[in-house]
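Please find below a colleague's note on the structure shown here. It is set out as numbered points.

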Amino acid sequence: MPELSIILPAKNEAEGLKRTLPALRAAYPDAEIIVVNDGSTDQTAQVAQELGAAVLSSPYSMGNGAAIKRGARAASGNILVFMDADGQHSASHIGQLLSKLEEGFDMVVGARDSDGQANLHRGLANAFYNRLASHMTGHQIDDLTSGFRAVRAGKFREFLHLLPNGFSYPTTSTMAFFRSAYPVAYVPIPVAKRVGNGSHIRPIKDGIRFLLIIFKIATLYSPMKLFAPIALAFFLTGLGYYGYTYATVHRLTNMSTLLFSAAVIIFLIGLISEQITNLTYRRDS
(Lines give C-alpha, C1' and ligand atoms only; values in the text may rest on other atoms or scores of the structure.)
Protein backbone atom coordinates (compact mmCIF):
# COMPACT_ATOMS: atom_id res chain seq x y z
CA MET A 1 0.00 0.00 0.00
CA PRO A 2 1.55 3.37 -0.97
CA GLU A 3 2.31 5.70 1.93
CA LEU A 4 1.47 8.85 -0.02
CA SER A 5 -1.57 9.60 -2.17
CA ILE A 6 -1.74 12.86 -4.12
CA ILE A 7 -5.26 13.90 -5.13
CA LEU A 8 -6.00 16.51 -7.76
CA PRO A 9 -9.59 17.60 -8.42
CA ALA A 10 -9.76 18.69 -12.04
CA LYS A 11 -12.40 20.33 -14.20
CA ASN A 12 -11.20 21.19 -17.70
CA GLU A 13 -7.57 21.27 -16.57
CA ALA A 14 -5.90 19.37 -19.43
CA GLU A 15 -3.26 22.09 -19.94
CA GLY A 16 -2.49 22.41 -16.26
CA LEU A 17 -2.10 18.64 -15.86
CA LYS A 18 0.50 18.56 -18.63
CA ARG A 19 2.74 20.63 -16.37
CA THR A 20 1.67 19.35 -12.96
CA LEU A 21 1.64 15.56 -13.40
CA PRO A 22 5.17 15.09 -14.84
CA ALA A 23 6.58 17.19 -12.02
CA LEU A 24 4.70 15.12 -9.43
CA ARG A 25 5.81 11.82 -10.89
CA ALA A 26 9.42 12.97 -11.05
CA ALA A 27 9.37 14.17 -7.43
CA TYR A 28 7.36 11.25 -6.02
CA PRO A 29 7.76 8.21 -8.29
CA ASP A 30 6.25 5.83 -5.73
CA ALA A 31 3.26 7.96 -4.79
CA GLU A 32 -0.29 7.17 -5.80
CA ILE A 33 -1.54 10.04 -7.98
CA ILE A 34 -5.30 10.36 -8.43
CA VAL A 35 -6.95 12.84 -10.77
CA VAL A 36 -10.66 13.27 -10.09
CA ASN A 37 -12.17 14.39 -13.39
CA ASP A 38 -15.16 16.50 -12.38
CA GLY A 39 -17.29 16.30 -15.52
CA SER A 40 -14.68 17.91 -17.78
CA THR A 41 -15.52 18.65 -21.39
CA ASP A 42 -11.90 18.81 -22.56
CA GLN A 43 -9.17 16.16 -22.61
CA THR A 44 -8.56 16.19 -18.84
CA ALA A 45 -9.19 12.45 -18.34
CA GLN A 46 -7.19 11.42 -21.41
CA VAL A 47 -4.20 13.59 -20.49
CA ALA A 48 -4.21 12.29 -16.91
CA GLN A 49 -4.28 8.67 -18.08
CA GLU A 50 -1.52 9.22 -20.62
CA LEU A 51 0.66 10.76 -17.91
CA GLY A 52 0.20 7.77 -15.61
CA ALA A 53 -2.34 9.02 -13.07
CA ALA A 54 -5.29 7.01 -11.82
CA VAL A 55 -8.46 8.73 -13.02
CA LEU A 56 -11.87 8.90 -11.36
CA SER A 57 -14.41 10.45 -13.72
CA SER A 58 -17.83 11.91 -13.00
CA PRO A 59 -20.42 12.02 -15.80
CA TYR A 60 -21.24 15.59 -14.79
CA SER A 61 -19.72 18.25 -12.56
CA MET A 62 -20.39 17.59 -8.86
CA GLY A 63 -18.16 20.31 -7.41
CA ASN A 64 -14.66 20.65 -6.02
CA GLY A 65 -15.62 19.26 -2.61
CA ALA A 66 -17.29 16.24 -4.18
CA ALA A 67 -14.10 15.54 -6.13
CA ILE A 68 -12.07 15.75 -2.93
CA LYS A 69 -14.40 13.27 -1.21
CA ARG A 70 -14.27 10.81 -4.09
CA GLY A 71 -10.50 11.00 -4.20
CA ALA A 72 -10.12 10.57 -0.44
CA ARG A 73 -12.33 7.47 -0.46
CA ALA A 74 -10.37 5.89 -3.31
CA ALA A 75 -6.88 6.72 -2.02
CA SER A 76 -4.71 3.98 -0.55
CA GLY A 77 -2.06 6.07 1.16
CA ASN A 78 -1.80 6.83 4.86
CA ILE A 79 -1.01 10.45 3.97
CA LEU A 80 -3.18 12.43 1.57
CA VAL A 81 -2.00 15.52 -0.28
CA PHE A 82 -4.61 17.69 -1.98
CA MET A 83 -3.52 20.20 -4.60
CA ASP A 84 -4.92 22.07 -7.59
CA ALA A 85 -4.47 20.67 -11.08
CA ASP A 86 -4.08 24.09 -12.71
CA GLY A 87 -0.37 24.54 -12.06
CA GLN A 88 -0.73 26.93 -9.13
CA HIS A 89 0.71 24.44 -6.66
CA SER A 90 4.20 23.05 -7.15
CA ALA A 91 5.37 19.51 -6.48
CA SER A 92 8.52 21.01 -4.95
CA HIS A 93 6.50 22.38 -2.01
CA ILE A 94 4.90 19.07 -1.00
CA GLY A 95 8.05 18.13 0.90
CA GLN A 96 7.59 21.13 3.20
CA LEU A 97 4.08 19.98 4.08
CA LEU A 98 5.22 16.41 4.71
CA SER A 99 8.15 17.53 6.87
CA LYS A 100 5.80 19.56 9.05
CA LEU A 101 3.40 16.62 9.24
CA GLU A 102 6.22 14.47 10.67
CA GLU A 103 6.50 16.88 13.62
CA GLY A 104 3.21 15.51 14.95
CA PHE A 105 0.60 17.58 13.13
CA ASP A 106 -2.46 15.94 11.60
CA MET A 107 -3.03 18.57 8.92
CA VAL A 108 -0.55 20.93 7.29
CA VAL A 109 -1.79 23.69 4.99
CA GLY A 110 0.13 25.63 2.38
CA ALA A 111 -0.61 29.27 3.24
CA ARG A 112 -0.66 31.78 0.38
CA ASP A 113 0.57 35.34 0.67
CA SER A 114 -1.31 38.32 -0.79
CA ASP A 115 0.26 37.70 -4.22
CA GLY A 116 -1.31 34.26 -4.27
CA GLN A 117 -4.89 35.53 -4.09
CA ALA A 118 -7.01 35.44 -7.26
CA ASN A 119 -7.94 39.13 -6.99
CA LEU A 120 -8.35 41.97 -4.49
CA HIS A 121 -11.87 41.15 -3.29
CA ARG A 122 -10.97 37.48 -2.84
CA GLY A 123 -7.91 38.51 -0.86
CA LEU A 124 -9.96 40.77 1.43
CA ALA A 125 -12.59 38.08 1.92
CA ASN A 126 -9.96 35.47 2.79
CA ALA A 127 -8.28 37.85 5.24
CA PHE A 128 -11.65 38.30 6.96
CA TYR A 129 -12.20 34.52 7.07
CA ASN A 130 -8.77 34.05 8.63
CA ARG A 131 -9.42 36.63 11.34
CA LEU A 132 -12.86 35.27 12.17
CA ALA A 133 -11.67 31.67 12.26
CA SER A 134 -8.68 32.62 14.42
CA HIS A 135 -11.05 34.34 16.87
CA MET A 136 -13.40 31.35 16.93
CA THR A 137 -10.71 28.72 17.47
CA GLY A 138 -8.21 30.67 19.54
CA HIS A 139 -5.46 29.58 17.12
CA GLN A 140 -3.64 31.54 14.44
CA ILE A 141 -5.09 30.60 11.05
CA ASP A 142 -2.99 31.87 8.16
CA ASP A 143 -5.05 30.63 5.22
CA LEU A 144 -8.47 29.12 5.86
CA THR A 145 -9.38 28.56 2.21
CA SER A 146 -6.17 27.12 0.74
CA GLY A 147 -6.75 23.84 -1.10
CA PHE A 148 -3.09 22.81 -0.88
CA ARG A 149 -2.77 20.59 2.18
CA ALA A 150 -1.42 17.32 3.56
CA VAL A 151 -3.48 15.30 6.05
CA ARG A 152 -3.51 11.98 7.80
CA ALA A 153 -5.97 9.88 5.81
CA GLY A 154 -7.80 8.24 8.71
CA LYS A 155 -8.50 11.51 10.47
CA PHE A 156 -9.56 13.29 7.28
CA ARG A 157 -12.07 10.56 6.43
CA GLU A 158 -13.79 11.08 9.78
CA PHE A 159 -15.19 14.34 8.40
CA LEU A 160 -16.12 13.39 4.85
CA HIS A 161 -19.81 13.51 5.75
CA LEU A 162 -19.39 17.16 6.80
CA LEU A 163 -17.67 18.33 3.63
CA PRO A 164 -19.80 20.26 1.12
CA ASN A 165 -19.73 19.41 -2.56
CA GLY A 166 -18.80 22.98 -3.46
CA PHE A 167 -15.70 25.13 -3.01
CA SER A 168 -15.65 25.53 0.78
CA TYR A 169 -14.24 22.11 1.67
CA PRO A 170 -10.96 23.68 2.95
CA THR A 171 -12.90 25.80 5.46
CA THR A 172 -14.98 22.88 6.66
CA SER A 173 -12.10 20.45 7.02
CA THR A 174 -9.87 22.97 8.81
CA MET A 175 -12.54 23.92 11.35
CA ALA A 176 -13.43 20.26 11.87
CA PHE A 177 -9.81 19.42 12.69
CA PHE A 178 -9.56 22.30 15.17
CA ARG A 179 -12.91 21.36 16.74
CA SER A 180 -11.73 17.77 17.23
CA ALA A 181 -8.38 18.85 18.75
CA TYR A 182 -6.34 17.55 15.82
CA PRO A 183 -3.27 19.81 15.50
CA VAL A 184 -3.06 21.95 12.36
CA ALA A 185 0.01 23.81 11.06
CA TYR A 186 0.63 26.31 8.27
CA VAL A 187 3.59 26.53 5.92
CA PRO A 188 4.02 29.64 3.71
CA ILE A 189 4.20 28.75 0.01
CA PRO A 190 4.27 30.83 -3.17
CA VAL A 191 1.49 30.27 -5.71
CA ALA A 192 2.04 30.38 -9.47
CA LYS A 193 -0.43 31.67 -12.04
CA ARG A 194 -2.94 29.09 -13.12
CA VAL A 195 -2.63 27.39 -16.52
CA GLY A 196 -5.46 27.04 -19.00
CA ASN A 197 -9.02 28.13 -18.21
CA GLY A 198 -9.84 31.11 -16.01
CA SER A 199 -10.98 30.69 -12.46
CA HIS A 200 -14.29 28.92 -11.92
CA ILE A 201 -15.16 31.48 -9.22
CA ARG A 202 -17.88 34.03 -10.06
CA PRO A 203 -18.36 37.34 -8.20
CA ILE A 204 -22.07 36.94 -7.36
CA LYS A 205 -21.70 33.35 -6.19
CA ASP A 206 -18.53 34.39 -4.35
CA GLY A 207 -20.46 37.06 -2.43
CA ILE A 208 -23.17 34.61 -1.41
CA ARG A 209 -20.53 32.09 -0.41
CA PHE A 210 -18.83 34.80 1.67
CA LEU A 211 -21.91 35.03 3.90
CA LEU A 212 -22.43 31.28 4.02
CA ILE A 213 -18.83 30.60 5.01
CA ILE A 214 -19.08 33.08 7.89
CA PHE A 215 -21.96 31.08 9.35
CA LYS A 216 -20.26 27.80 8.50
CA ILE A 217 -17.16 28.86 10.43
CA ALA A 218 -19.31 29.63 13.45
CA THR A 219 -21.51 26.55 13.36
CA LEU A 220 -18.60 24.18 12.73
CA TYR A 221 -16.67 25.33 15.77
CA SER A 222 -18.55 27.18 18.50
CA PRO A 223 -21.88 28.80 17.51
CA MET A 224 -22.23 30.64 20.82
CA LYS A 225 -19.12 32.68 20.03
CA LEU A 226 -21.08 34.22 17.18
CA PHE A 227 -24.66 34.18 18.44
CA ALA A 228 -23.99 35.40 22.00
CA PRO A 229 -22.40 38.75 20.97
CA ILE A 230 -25.20 39.35 18.44
CA ALA A 231 -27.83 38.59 21.10
CA LEU A 232 -26.06 40.94 23.52
CA ALA A 233 -25.98 43.69 20.88
CA PHE A 234 -29.75 43.36 20.34
CA PHE A 235 -30.36 43.37 24.10
CA LEU A 236 -28.23 46.47 24.73
CA THR A 237 -29.85 48.26 21.79
CA GLY A 238 -33.28 47.42 23.17
CA LEU A 239 -32.24 48.54 26.64
CA GLY A 240 -30.85 51.81 25.31
CA TYR A 241 -33.95 52.46 23.24
CA TYR A 242 -36.16 51.66 26.25
CA GLY A 243 -34.21 54.16 28.33
CA TYR A 244 -34.70 56.78 25.65
CA THR A 245 -38.45 56.19 25.22
CA TYR A 246 -39.01 55.99 28.99
CA ALA A 247 -37.32 59.36 29.40
CA THR A 248 -39.26 60.96 26.53
CA VAL A 249 -42.71 59.27 26.44
CA HIS A 250 -42.61 57.37 29.75
CA ARG A 251 -43.46 53.94 28.35
CA LEU A 252 -42.10 50.70 26.90
CA THR A 253 -42.50 50.75 23.11
CA ASN A 254 -43.08 47.91 20.68
CA MET A 255 -39.62 48.40 19.20
CA SER A 256 -37.93 47.83 22.56
CA THR A 257 -40.01 44.71 23.10
CA LEU A 258 -39.08 43.48 19.62
CA LEU A 259 -35.37 44.01 20.28
CA PHE A 260 -35.55 42.21 23.64
CA SER A 261 -37.42 39.31 21.99
CA ALA A 262 -34.89 39.13 19.16
CA ALA A 263 -32.05 38.97 21.71
CA VAL A 264 -33.68 36.02 23.50
CA ILE A 265 -34.44 34.19 20.23
CA ILE A 266 -30.92 34.65 18.86
CA PHE A 267 -29.41 33.45 22.14
CA LEU A 268 -31.60 30.35 22.15
CA ILE A 269 -30.76 29.60 18.51
CA GLY A 270 -27.08 29.81 19.43
CA LEU A 271 -27.61 27.51 22.39
CA ILE A 272 -29.37 24.92 20.25
CA SER A 273 -26.70 25.23 17.56
CA GLU A 274 -24.03 24.63 20.18
CA GLN A 275 -25.70 21.40 21.25
CA ILE A 276 -26.09 20.25 17.64
CA THR A 277 -22.41 20.97 17.02
CA ASN A 278 -21.44 18.90 20.06
CA LEU A 279 -23.53 16.01 18.79
CA THR A 280 -22.01 16.33 15.31
CA TYR A 281 -18.51 15.78 16.65
CA ARG A 282 -19.44 13.16 19.20
CA ARG A 283 -17.60 9.90 18.63
CA ASP A 284 -18.90 6.77 20.27
CA SER A 285 -16.04 4.52 21.24
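1. The model is predicted, and the remarks here should be read accordingly. Helix H9 covers residues 224–248, 25 residues in all. From the first C-alpha to the last, H9 reaches 35 Å, close to the 36 Å expected at 1.5 Å a residue. After H9 comes His250, which has a positive phi, near 60 degrees.

2. The buried residues of H9 are Met224, Leu226, Phe227, Ala231, Gly238 and Thr245. Leu236, also placed in helix H9, is partly exposed because its relative accessible area of 47% lies between the 20% and 50% limits.

3. Leu236 contributes to a nonpolar surface patch of about 370 Å², together with Leu232, Phe235 and Leu239. Phe235 is partly exposed, at a relative accessible area of 38%.

4. Eight aromatic pairs are present in the structure. In one of them, the rings of Phe235 and Phe260 have centres 5.4 Å apart and planes at 50 degrees, so the pair is tilted. This pair links distant parts of the chain, with Phe235 in helix H9 and Phe260 in helix H10 (residues 254–280), 25 residues apart. Phe260 counts as partly exposed, with 22% relative accessibility.

5. Two further features involve aromatic rings. One aromatic cluster is formed by Phe82, Phe156 and Tyr169.

Definitions and conventions. Residues are numbered from 1 along each chain as its sequence is written. This is a predicted model: local features need pLDDT of at least 70, side-chain atom pairs count only at pLDDT 80 or more; totals for chains, interfaces and linings use all residues. Side-chain values use heavy atoms; hydrogens and water are left out. Helices (H or I, at least four residues) and strands (E, at least two) are DSSP runs, numbered from the N terminus. The expected span of a helix is 1.5 Å times one less than its number of residues. Buried means under 20% relative accessible area, exposed over 50%, partly exposed in between (1.4 Å probe, protein chains only). Patches are made of residues with over 30% relative accessible area and no salt bridge: like charges are joined within 9 Å, nonpolar side chains (Val, Leu, Ile, Met, Phe, Trp, Tyr) within 5 Å. Accessible areas come from the Shrake-Rupley method with a 1.4 Å probe; for residues, only the protein chains shown count as cover. A salt bridge is a side-chain nitrogen of Lys or Arg within 4 Å of a carboxyl oxygen of Asp or Glu. Rings of Phe, Tyr and Trp (its six-membered ring) pair if their centres lie within 6.5 Å; planes under 30 degrees apart count as stacked, over 60 as edge-to-face and the rest as tilted.
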